[in-house]
Amino acid sequence: MARGGGASLSSATGILDQLRTLIAYYQQLTEYFHQIAAYGQEEVMHIDQADMDALLAILKKKETMMEEAACCQERINTVQAYLAEQFHLESFSVKNILQKAHDNPLIVAYLHKLQHVINDLISQLEVLEAQERQHEQLLHDYAEHLQTLHQSQKPTSVSGAKKAYQKRLKPPTHDIDIKR
């Protein structure tokens, strides 16, 4: 990107607009993941209470948020592709754009802001990942608990059924014909 002249000023303005848009999209994406994480306490409560219907309702809400986040990610990809093209890069990279735009303090400032917003997103994703691991463990423990309950009840009911069946097949001992 060259400095001076009308074309480069227009290009710089377009780049600044796209950087502002990209920052807004990343902030929106971070907010989606923050909202998804906010459902986490409800998930734990429903797992603890064995309320699978309520848990499924929460998971459906999270799925809707994930779909919205995926749409936001697609918009991010479009802006990143535009910026990569403007800076003649094969793919988007804040570091590589910083190297190419080091002489434009406004672009550099927006790139630093973008890096800060991306770091916020990464932090939110780490929180969400830890939360999801915890929820998976809770569900695993709950499933094991149910399996243990099922196994402990099964032998009792099977042995009870077996005894009842054997009683039914056994001829009565008070039969008159047997005493003869």
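**Exercise 1. Find which residues H46 touches, leaving out residues up to four places away in sequence, and decide whether H46 is buried or exposed.**

Solution. Step 1: in this predicted model, the contacts of H46 beyond four places in sequence are D51, M52, A54, L55 and I58.
Step 1: H46 sits in helix α2, which spans residues 40-48.
Step 2: the relative accessible area of H46 is 9%. Buried means under 20%, so H46 is buried.

**Exercise 2. State which residues of α2 are buried, and how they are placed around the helix axis.**

Solution. Step 1: the buried residues of α2 are G40, E43, V44, H46 and I47.
Step 1: viewed down the axis of α2, these buried residues fall within an arc of 165°, so they line one face of the helix.
Step 2: on the face turned away from the buried side, α2 carries the exposed residues Q41 and D48.
Step 3: after α2 comes A50, which has a positive phi, near 55°.

**Exercise 3. Describe the place of I36, its accessibility and its contacts.**

Solution. Step 1: I36 belongs to helix α1, residues 5-38.
Step 1: the relative accessibility of I36 is 1%, so I36 counts as buried.
Step 2: beyond four places in sequence, I36 touches K62, M65, M66, L128 and Q131.
Step 3: take one of these partners, M65. I36 and M65 are 29 residues apart in sequence, and their C-alpha atoms are 6.7 Å apart in space.

**Exercise 4. Summarise the protein as a whole: its elements, its burial, its contacts and its surface.**

Solution. Step 1: the secondary structure consists of 6 helices and 0 strands. Read from the N terminus, the order is α-α-α-α-α-α.
Step 1: of the 180 residues, 29% are buried.
Step 2: take the contacts between residues at least 6 apart in sequence; 69% of them join residues at least 24 apart.

**Exercise 5. Decide where the model should not be read in detail.**

Solution. Step 1: the mean pLDDT of the protein is 83, and 79% of the residues reach 70 or more.
Step 1: confidence is highest in helix α4 (residues 94-100), at a mean of 96, and lowest in helix α6 (residues 176-179), at 45.
Step 2: over residues 2-7 pLDDT stays under 50, and the model has 5 contacts beyond four places in sequence for them.
Step 3: over residues 174-180 pLDDT also stays under 50, with 1 contact beyond four places in sequence.
Step 4: where pLDDT is low, predicted coordinates should not be read in detail. Residues 2-7 and residues 174-180 are stretches with pLDDT under 50.

Key
Residues numbered from 1 in each chain as written. Predicted model: local features only at pLDDT ≥ 70, side-chain atom pairs only at ≥ 80, totals over all residues. Heavy atoms only, no water. Helix = DSSP H or I, 4+ residues; strand = E, 2+ residues; numbered from the N terminus. Buried < 20%, exposed > 50% of the residue type's maximum accessible area, 1.4 Å probe, protein only. Contact = heavy atoms within 4.5 Å. Arc of directions from axis to C-beta. Areas by Shrake-Rupley, 256 points an atom, 1.4 Å probe, with all protein chains shown as cover. pLDDT = per-residue confidence, 0-100.
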